[in-house]
Amino acid sequence: MSDVGIGALLREAREEQGRELSEAAAATSMRVTQLEALEADRWEQFGGDVYAKGFLKSYAVWLGLDPEPLLEKYRRYVQHDAMDPLALTAGPVTRESRSEVPAWLLRFGAALGVLALALGLVNLVQSRTPAPAEPDTPAAAPAPVASPSPGDEEDAAAEPSPEPSPSPTYEGVELTLAFEGSSWVSVTVDGQSRQEGLFEEGDVLDLKADEDIVVRLGNAGGVRGLLNGQSIGPFGAPGDVRDIRFTPDGFEEI
């Protein structure tokens, strides 16, 4: 988790306006759990920076906030775009020049070597001399192990074990399109024309359907997707026009 204060700003703005998360979810087509993640700085739940920034921008605009300072804060403290790899080295690495060892130091080292060899021979002789036998002494009895008191057992049983948070379940088709470049888009949901228009870099389009979603992309190379929690895309090369059908089982070009 990266608690950088973005979520607190979003939550304070919503509460000052007297709005509920359910109202924001209906207006932005986002899940309540996604909005809760935004307000808690839980960015890892969005499957990547492009989706996290898109949701952040959409929510900030709905709250009437300028999204750019929030996006810049995200890039600086979560995505770390501003980090300069060259800053990791403050200057050139230098090596110390090797100086010749004085002759007296070599002689001193040789003398120490002879002394160490003599001490080693003395220790070897002493180690081979048998030591006098010592009388047998009874082995110390093992210390008694304290059994837990009934009160300790009750306290351990009273502490609940943490439960893992459940994974989100998907019914039908849930599709999020994140735009890394400008693209014209036409959307059909369950056979009904939903919307069409031009989306810009950083925009996010959240869609839901019972059976299928058909999308025409004017710039398939600039669009990524999140289909029922699985990251997919881009859907072609920059400038390619693609018609893609999304279902609960996956997606295919048509």
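User: Let's start with F46. Is it buried or exposed?
Analyst: F46 is buried: its relative accessibility is 3%, and the cut-off for buried is under 20%. Keep in mind that this is a predicted model.

User: Noted. How many aromatic pairs are there in the structure?
Analyst: There are 8 aromatic pairs. One of them joins W43 and F46, with ring centres 6.4 Å apart and planes at 40 degrees, so that pair is tilted.

User: And W43, buried or exposed?
Analyst: Buried, with a relative accessible area of 6% for W43.

User: How are the rings of W43 and Y74 arranged?
Analyst: Edge-to-face, because the planes of W43 and Y74 stand at 80 degrees, with the centres 5.1 Å apart. This pair links distant parts of the chain: W43 sits in the loop between α3 (32-39) and α4, while Y74 belongs to helix α5, 31 residues away. Y74 is buried too, at 1% relative accessible area.

User: Which residues make up the aromatic cluster there?
Analyst: W43, F46, F55 and Y74 form one cluster.

User: I also see D41. Where does it sit?
Analyst: D41 is in the loop between α3 and α4. Its phi is positive, near 60 degrees, and D41 is not a glycine. D41 is also buried, with a relative accessible area of 2%.

User: What about D190, what's its phi?
Analyst: D190 has a positive phi of about 50 degrees, again without being a glycine. You'll find D190 in the loop between β2 and β3. D190 is partly exposed, at 31% relative accessible area.

User: OK, on to the strands. What's the strand order in the sheet of 5?
Analyst: The order is β3-β2-β5-β8-β9, in an open sheet with antiparallel pairing. The edges are β3 (192-199) and β9 (250-253); each has a single partner strand, so one side of each lacks a neighbour in the sheet. Neighbouring strands are turned by 20 degrees against each other on average, ignoring direction.

User: Remind me, what do strands pair through?
Analyst: Strands of a sheet pair through backbone hydrogen bonds, in either a parallel or an antiparallel way.

User: How many bridges are there between β2 and β5?
Analyst: β2 (residues 183-189) and β5 (residues 213-217) pair over 5 bridges, in the antiparallel sense. Within that pairing, V185 stands opposite L217 of β5.

User: And how many join β8 to β9?
Analyst: 4 bridges, with β8 (residues 242-247) and β9 running antiparallel. These two strands form a hairpin with 2 residues between them. F246 has F251 in β9 as its bridge partner.

User: What about the sheet of 4 strands, which order does that one have?
Analyst: That open sheet runs β4-β1-β6-β7, with antiparallel pairing. β4 (204-209) and β7 (230-232) are at the edges with a single partner strand each, so one side of each is left without a neighbour in the sheet. Here the neighbouring strands are turned by 20 degrees against each other on average, direction ignored.

User: How many bridges join β1 to β4?
Analyst: 6 bridges, between β1 (residues 173-179) and β4, which run antiparallel. L207 in β4 is the bridge partner of L175.

User: Changing topic: how much space lies in the second largest pocket?
Analyst: About 230 Å³. The lining of that pocket includes V50, K53 and K57, along with R75, F179 and E201. Two elements each give two or more residues to it, α4 (49-62) and α5 (67-79). The largest share comes from α4, with 4 residues.

User: What kinds of residues line the second largest pocket, by class?
Analyst: The lining has 6 charged, 3 nonpolar and 2 polar residues.

User: Last one: where does L65 lie?
Analyst: L65 lies in the loop between α4 and α5. L65 is partly exposed, with 28% relative accessible area. The C-alpha atoms of L65 and L9 are separated by 9.6 Å, although the two residues are 56 apart along the chain.

User: Great, thanks!

Conventions. Residues are numbered from 1 along each chain as its sequence is written. This is a predicted model: local features need pLDDT of at least 70, side-chain atom pairs count only at pLDDT 80 or more; totals for chains, interfaces and linings use all residues. Side-chain values use heavy atoms; hydrogens and water are left out. Two strands pair if DSSP finds at least two bridges between them. Axes are lines fitted to C-alpha atoms, for helices over the stretch in contact, and angles run from 0 to 180 degrees between N-to-C directions. On a 1 Å grid over the protein atoms alone, a cavity is a set of points where a 1.4 Å probe fits but cannot get out, and a pocket is an open set with protein on both sides within 12 Å along at least five of seven lines; lining residues have an atom within 4 Å of a point. Grid points are joined across faces, edges and corners, and a volume is the space filled by probe spheres set on the points. Ala, Val, Leu, Ile, Met, Phe, Trp, Tyr, Cys and Pro count as nonpolar, Asp, Glu, Lys and Arg as charged, and the others, Gly among them, as polar. Rings of Phe, Tyr and Trp (its six-membered ring) pair if their centres lie within 6.5 Å; planes under 30 degrees apart count as stacked, over 60 as edge-to-face and the rest as tilted. Buried means under 20% relative accessible area, exposed over 50%, partly exposed in between (1.4 Å probe, protein chains only).
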